[in-house]
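Please consult the sequence and structure below while reading.

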Amino acid sequence: MHMRAQVGFGLATLVLAFAGIAAVTPETSRLFDRYVDPQSGVVSYMLKPGLVADNQQSIYFTAKSMTDDGRFLVFWTSANEFKLVNGKKPSGRQATAIVDFEKDEIVKLDDLPASTPFIDVKTDQMWYVSQTPPRICRRDLKVDPRREITACAIPTNVLLSAGERVAYYCTHITLTKARDKAFLDLGIRVTPDVLKARGVSDPKTAGLDETCRFVEGTLDLKTGAWEEWCRAPFYCNHGQLNPQDDNLAMCAWEKCWRSKEAMRWREISEVYPRIWLFRKGRRPELIVPELRNGATHEAWDADGKGFYWCAGGVYHCELESRKQEVICPLRASHAAKSANNRYITFDDPVGTWYRGCSWRVGFWNRDTQQGVYIHSKRPSLCPQDDGWHHHPDPHPHFVCNDRYVVCTINNADGHMDLTITPVAQLVEKTKVAK
């Protein structure tokens with residue numbers, strides 16, 4: 001019996017290797033434990049708690065956290081903010097680590113900036129912004145994930161005027177198809193003296209939209225040349241280049257639910273102005289959410305032909321026709337679509353949303369119009385009056401050529417875990433249309 005098991009495992013390893021996929025998978029890795037949702041029966045594989053830090057969570061869902069060959073999984077770690085160490089709370093600094101499934105080991109990258117990287121899932125390279133000094137860097141995960149390679153400097157002398165400093169270079173970096181340029185959505189802080197000179201009489205009561213200026217453009221990763229697209233007149237971030245069109249990006253007016261300027265806009269136009277399209281050389285174009293006047297998060301289709309966003313359910317807009325439709329009727333705050341556009345994964349707060357609230361994570365089969373919850377209900381991470389500093393939201397997304405869904409789950413004892421869920425079983429559980 002033991003001999004047969006060894007032979008079977010050897011054949012499976014050869015098949016995976018021939019297919020270009022890491023021989024060790026989340027299902028077989030010693031770093032993961034099997035977890036079954038008590039309500040839905042969905043099987044996931046949880047990165048063993050505490051392997052690297054108190055909290056181990058998936059990276060922000062706009063980035064693919066696992067490479068297509070299944071070898072590398074990038075995740076974030078941090079100390080538990082509610083656990084006292086020597087009578088004091090830890091700093092909670094977010095760090096990055098990588099699971100190397102081929103070696104079945106974890107590589108810690110303590111020197112990596114605490115920002116969302118861009119994972120090139122085809123070449124197993126990771127790109128990111130480093131601010132000291134400001135530059136774009138990359139790491140070749142197959143060669144040496146610990147070695148930082150500087151691609152180019154960020155020319156702050158071109159970007160800034162007197163009395164200004166960069167608040168952030170980008171929310172999450174995205175690259176052109178040829179990986180030769182990076183899209184940046186810069187937030188630039190302006191000093192009170194400069195604001196007064198520009199006609200803002202009372203900087204202390206001015207909204208955030210007035211105390212910053214926002215610039216969008218691309219940076220050549222070989223020459224460091226900056227090409228400005230435009231300057232947005234609102235709090236503009238969450239920039240994402242279209243996966244197939246290097247001259248088109250989508251940005252968000254993220255503060256439109258509370259900033260003074262956005263509230264005035266909403267009072268006059270009655271439009272929730274979050275989603276904007278940016279095309280090089282043109283003025284930003286507002287996308288009006290026709291079916292439901294709201295939006296929480298947005299993302300491009302993998303083929304670049306449209307985009308989708310969450311506003312209660314999940315909605316979609318086709319670029320060419322501008323036709324809008326509901327693609328998932330279940331409540332969602334963040335969502336991700338599979339590359340073939342057939343499946344959606346999403347998260348939804350249980351009760352009132354706050355940083356560290358209770359969540360559930362779901363899967364929707366568009367072919368059958370059926371869904372199943374991957375995690376039916378996860379407990380709140382912390383009380384509402386003591387919110388978490390980092391993003392403890394699940395942020396589920398498809399990875400490894402849509403073989404898995406990766407997400408963060410909360411635990412009632414104040415720590416976060418990461419799970420990987422095989423998609424095949426989710427399709428099986430939703431294969432019958434009602």
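How do the residues of the lining of the largest cavity divide into nonpolar, polar and charged?

## Basis of the model

The model is predicted; local features need pLDDT of at least 70, side-chain atom pairs count only at pLDDT 80 or more, and totals for chains, interfaces and linings use all residues. Residues are numbered from 1 along each chain as its sequence is written, and side-chain values use heavy atoms, without hydrogens and water.

## Cavity

The whole structure holds 1 cavity of 30 Å³ or more (a set of points on a 1 Å grid over the protein atoms alone where a 1.4 Å probe fits but cannot get out). The largest cavity has a volume of about 40 Å³, taken as the space filled by probe spheres set on the points.

Its lining residues (an atom within 4 Å of a point) are T62, A63, T116, P117, F118, H172, I173 and T174. They divide into 4 nonpolar, 4 polar and no charged.

## Sheet

Four strands (DSSP runs of E, at least two residues) form an open antiparallel sheet in the order β16-β17-β18-β19. Its edge strands, β16 (236-241) and β19 (285-286), each pair on one side only.

Pairing requires at least two DSSP bridges; β16 and β17 (residues 248-253) have 4, in the antiparallel sense. Q240 has M250 in β17 as its bridge partner.

## Cysteines

The structure contains 0 disulfides (cysteine sulfur pairs within 2.5 Å). The closest cysteine sulfur to that of C251 belongs to C236, and because 3.8 Å separates them, they are too far apart for a bond.

Terms used. 1 Å grid on protein atoms, 1.4 Å probe; cavity = no way out; pocket = protein on both sides within 12 Å on 5 of 7 lines; lining within 4 Å. Nonpolar A, V, L, I, M, F, W, Y, C, P; charged D, E, K, R; others polar.
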